[in-house]
Amino acid sequence: MEKEIISSLHNAKVRRYLLLQQKSAERREAGCFVLEGQRELQHALAAGYEIDTLFVCPSLAGSAGSPESTGDPGNPGISGKTGLSGQVVEVTPAVYERMAYRGSTEGCAAVMRSRELRLSDLRLGEHPLIMVIESVEKPGNLGAILRSADAAAADAVIVCDPLTDLYNPNLIRSSVGAVFTVPCVACSSAECIAFLKDRGIQILTAQLQDSVPYYDSDMRRGTAIVMGTEATGLTTQWRLAADAHIRIPMLGRIDSLNVSVSAAILLFEAVRQRV
């Protein structure tokens with residue numbers, strides 16, 4: 001891989017990185033996204049993503065003591081990995097500080113080539129566990145849901161009618177790379193409902209109205225747990241498509257939980273029933 005040293009924030013590669021970091025339209029048009037951190041890069045490469053441009057800051061690379069670090073400042077933590085067909089550039093600490101969202105990312109950031117996963121690409125087991133999120137607004141919430149989905153070994157996360165793109169840097173950061181370890185598809189609610197119905201996967205919608213406690217539902221069969229936004233909940237089409245409506249009992253004065261917390265509770269109820 002060709003290597004150069006960048007010391008100016010006005011460098012074209014740095015400006016491109018910052019545009020991709022800040023604007024979803026730029027990410028869509030370029031077919032690329034950005035990430036930072038050795039752990040996130042490791043997960044992306046393991047999932048088959050390819051590097052367009054790798055930025056390293058030798059004085060920071062490996063400084064956090066990451067177990068993935070190889071000790072090579074020009075190739076931090078990616079020795080022997082695939083997807084290294086792009087270009088490696090070295091940046092100064094001042095440039096990296098401007099590029100990085102956070103300081104503890106081991107001097108490693110990259111422009112990656114995007115991949116679009118479709119419903120038809122999902123490879124599901126006999127009794128799949130799927131988390132469906134409708135119109136999620138906050139990238140941080142979706143990132144946290146992906147972390148829970150990874151921990152629960154969910155087969156997929158499906159984001160219906162999304163209000164944020166799956167390569168938002170905040171989402172990648174809050175997911176700690178789980179966006180690469182859990183198959184994640186964006187589609188319309190109508191497409192998702194048809195997909196689930198066609199495969200005989202039961203639809204459990206999380207809602208307060210006309211619902212039963214979540215632990216009274218059988219989640220041992222193929223199950224899709226469906227959640228809406230904290231503000232408005234699920235749309236009518238999901239309520240009508242549901243095989244059952246479930247709720248998390250609220251015993252205090254506040255009648256709702258953060259959507260990512262609720263998702264974790266429901267996912268691990270499925271895990272509990274399946275153990």
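A pocket, on a 1 Å grid over the protein atoms alone, is an open set of points where a 1.4 Å probe fits, with protein on both sides within 12 Å along at least five of seven lines; lining residues have an atom within 4 Å of a point. This is a predicted model: local features need pLDDT of at least 70, side-chain atom pairs count only at pLDDT 80 or more, and totals for chains, interfaces and linings use all residues. Residues are numbered from 1 along each chain as its sequence is written, and side-chain values use heavy atoms, without hydrogens or water.

Start with the largest pocket. Its lining counts 27 residues, and Arg115, Glu116, Leu117, Leu166 and Tyr167 lie nearest the centre. Strand 8 gives the most to this lining, four residues (strands are DSSP runs of E, at least two residues, numbered from the N terminus; helices are runs of H or I, at least four).

Phe33 is in strand 2, while Tyr167 is in the loop between strand 7 and helix 6, 134 residues apart. Both Phe33 and Tyr167 are buried (under 20% relative accessible area with a 1.4 Å probe, protein chains only).

Arg115 has its charged end over the ring of Tyr49, 5.0 Å from the centre (CZ of Arg or NZ of Lys within 6 Å of the ring centre and within 35 degrees of the ring normal).

How values were computed
Buried < 20%, exposed > 50% of the residue type's maximum accessible area, 1.4 Å probe, protein only.
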